[in-house]
Amino acid sequence: MSFCFRAQGCTERPGLDLAVFGDRWSGKSSLINAVRGLQTDDKGAAKVGQQEPCTQPVVYSFPRYSNVRIWELPPIRPNVQPEQYLKEVNGKDYEIIIIIASEIFKDHHGQLAKTLQDMGKKVLFVRNKIESDLAAYKRRHKSDYKESKFLKEIREFCVTCLCKEGVLKPTVYILSNLDIEKFQFQLLWSQIKNHPEMIK
């Protein structure tokens with residue numbers, strides 16, 4: 001059974017807990033559905049395009065993996081330090097945290113990632129909604145359009161932004177919100193599915 005619920009203390013159960021953090025409209029729900037192998041209209045899928053963001057962690061079960069849970073974390077509030085935010089959302093309990101951005105990675109993304117790395121957590125980075133950037137780039141470079149070159153530049157810029165905040169060796173995965181299987185979703189998924197709890 002696939003379901004979602006708001007809960008505290010659920011990470012006390014054995015298994016693997018993943019978390020997805022991002023600002024509003026960054027594509028968190030679409031990513032959560034894709035990782036769970038669900039379409040937007042499937043039963044138990046995370047709701048996409050909600051007007052109001054969640055204000056506390058929301059947990060979703062994993063089809064086929066009863067011991068795995070994925071959490072949607074609320075956006076960080078202004079002037080709240082990463083340490084306080086992670087305390088509020090039980091950050092110590094997640095083994096893998098995906099930080100997603102639909103434009104540039106901002107200061108608070110990097111600061112949160114740095115704090116998580118200091119805690120010994122595995123942090124993955126997703127630059128989402130690349131389709132909009134590609135369309136604009138193609139219009140500006142009709143005669144010399146090279147998709148691979150543009151994606152490389154985007155990835156390098158993301159890495160630079162994160163490194164400025166002290167993040168160590170960030171790996172950034174490029175995704176499209178319109179076609180989640182395109183670009184680097186499979187590389188991202190391999191980082192998750194190879195976890196020991198996923199292959200029990």
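The lining of the second largest pocket has four nonpolar, six polar and one charged residues. Here Ala, Val, Leu, Ile, Met, Phe, Trp, Tyr, Cys and Pro count as nonpolar, Asp, Glu, Lys and Arg as charged, and the others, Gly among them, as polar. This is a predicted model, in which local features need pLDDT of at least 70 and side-chain atom pairs count only at pLDDT 80 or more, while totals for chains, interfaces and linings use all residues. Residues are numbered from 1 along each chain as its sequence is written, and side-chain values use heavy atoms, with hydrogens and water left out.

**Pocket and cavity**

- On a 1 Å grid over the protein atoms alone, a pocket is an open set of points with protein on both sides within 12 Å along at least five of seven lines, whereas a cavity is a set of points where a 1.4 Å probe fits but cannot get out; lining residues have an atom within 4 Å of a point.
- A volume is the space filled by probe spheres set on the points, and grid points are joined across faces, edges and corners.
- The volume of the second largest pocket is about 230 Å³.
- Its lining consists of Ser30, Asn33, Ala34, Gly37, Leu38, Gln39, Thr40, Asn177, Leu178, Ile180 and Glu181.
- One cavity of 30 Å³ or more is present in the structure, and the largest cavity holds about 30 Å³ of space.
- Around the largest cavity lie Phe21, Leu73, Leu86, Val89, Gly91, Tyr94, Ile97, Leu112 and Leu116.

- Helices (H or I, at least four residues) and strands (E, at least two) are DSSP runs, numbered from the N terminus.
- Strand E6 (residues 122–127) is largely enclosed by the rest of the structure, because five of its six residues are buried.
- Buried means under 20% relative accessible area, exposed over 50%, and partly exposed in between (1.4 Å probe, protein chains only).
- Two strands pair if DSSP finds at least two bridges between them.
- Strand E5 (residues 96–101) runs parallel to E6 and is joined to E6 by six bridges; Ile99 has Phe125 in E6 as its bridge partner.
- Three bridges pair E6 with strand E7 (residues 172–174), also in the parallel sense, and the partner of Arg127 in E7 is Ile174.
- E5, helix H3 (residues 107–118) and E6 form a right-handed β-α-β unit, meaning that, with the strands pointing away from the viewer, the path from the first strand over the helix to the second runs clockwise.

**Salt bridges**

- A salt bridge is a side-chain nitrogen of Lys or Arg within 4 Å of a carboxyl oxygen of Asp or Glu, and the count by this rule is seven.
- Glu88 and Arg77 form a salt bridge at 3.0 Å, N to O. This pair links distant parts of the chain, eleven residues apart, with Glu88 in helix H2 (residues 82–88) and Arg77 in the loop between strand E4 (65–72) and H2.
- Glu88 is partly exposed at 35% relative accessibility, and Arg77 is partly exposed at 46%.
- In helix H3, Lys114 and Asp118 lie four residues apart, about one turn of the helix, and their side chains meet in a salt bridge of 3.0 Å, N to O.
- Lys114 is partly exposed at 28% relative accessibility, whereas Asp118 is exposed at 57%.
- Glu156 and Lys152 form a salt bridge with their closest N and O atoms 2.6 Å apart; both are in helix H5 (residues 147–164), and because they are four residues apart, about one helical turn separates them.
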